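Work through the exercises below with the sequence and the 3D structure at hand. Try each task before reading its solution.

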Amino acid sequence: MTFCDPDESLVHRAARWVLRTVLSASKRSVISGHWVLYLLAVAVYFTMVSSSHTVTAAGPTDKPSQSEFILALDADYFARLASEPSSIAGLLHEDFKYLTHYQTELDKSRLLEYLKQSPNLVERFQLGDRYVFAAGDEVLVWGTVRTQGHSDKFESVTSRYWHVWQRTGSQWLLVTRQARLLK
């Protein structure tokens, strides 16, 4: 990906830069969760100001179908959590990080172990409004989800989340997940 594509608008290049900054900072844990959320908010702002989305996917080639493809993949993550939690392993990148509401960070193995110990954590889910923004081989999906299950901490919660999907070869994998419980 080049940052100097003459066909891209200045706003779109700025949004792409902000998204890359958020992704690289959160991967390296260089900045606190509050700064990640701040930079994410800036990326969302630029996304809304920008008039076009450039979602690229391994499947469909037209933009609406590509967005639908990514949103379907994102919904599949929650469906797998509700049916067979260990099956999300195939959707997670090796460098996966989950930044939880409780300000803890789980990598792929720790999340899978936690789900193994809490098999009924998510039994049902309902997706709310969701949005998509793409920057090359990385796609940001953010929205709300209501999950229901049996856990010591909750039975039903609504949370605001963001997922970063990254194309690796011909496959899209979840690299980063962050969630915040809504009251």
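Predicted model: local features only at pLDDT ≥ 70, side-chain atom pairs only at ≥ 80, totals over all residues.

**Exercise 1. The overall fold**

Task: State how many helices and strands the protein has, and give their order from the N terminus.

Solution. Step 1: count the elements; the protein has four helices and six strands. Step 2: follow the chain from the N terminus, which gives the order α-α-α-β-β-α-β-β-β-β. Step 3: look at burial; of the 183 residues, 40% are buried. Step 4: look at contacts between residues at least 6 apart in sequence; 54% of these join residues at least 24 apart.

**Exercise 2. Salt bridges**

Task: Find the salt bridges and say where the partners of each pair lie in the chain.

Solution. Step 1: apply the cut-off, a side-chain nitrogen of Lys or Arg within 4 Å of a carboxyl oxygen of Asp or Glu. The count is three salt bridges.

Step 1: take Arg130 and Asp74, whose closest N and O atoms are 3.3 Å apart. Arg130 belongs to strand β3 (residues 124–135) and Asp74 to helix α3 (residues 63–83), so this pair, 56 residues apart, links distant parts of the chain. Asp74 has 0% relative accessibility and therefore counts as buried.

Step 2: take Arg80 and Asp76, which form a salt bridge with an N to O distance of 2.9 Å. Both are in helix α3; because they are four residues apart, about one helical turn separates them. Arg80, at 24% relative accessibility, is partly exposed, and Asp76, at 26%, is also partly exposed.

Step 3: take Arg167 and Asp137, which meet at 2.7 Å, N to O. This pair links distant parts of the chain, 30 residues apart, with Arg167 in strand β5 (residues 156–168) and Asp137 in the loop between β3 and β4. Arg167 is partly exposed at 22% relative accessibility, and Asp137 is partly exposed at 38%.

**Exercise 3. Strand pairing**

Task: Describe how β4 is joined to β3 and to β5.

Solution. Step 1: β3 and β4 run antiparallel and are joined by 10 bridges. As an example, Phe125 has Thr147 in β4 as its bridge partner. Step 2: check the turn of this hairpin; two residues lie between the strands, and Gly136 has a positive phi near 65°. Step 3: β4 and β5 also run antiparallel, with 11 bridges between them. Here Glu138 has Gln166 in β5 as its bridge partner. Step 4: check how covered β4 is; nine of its 11 residues are buried.

Notes: Residues numbered from 1 in each chain as written. Heavy atoms only, no water. Buried < 20%, exposed > 50% of the residue type's maximum accessible area, 1.4 Å probe, protein only. Contact = heavy atoms within 4.5 Å. Pairing = 2+ DSSP bridges.
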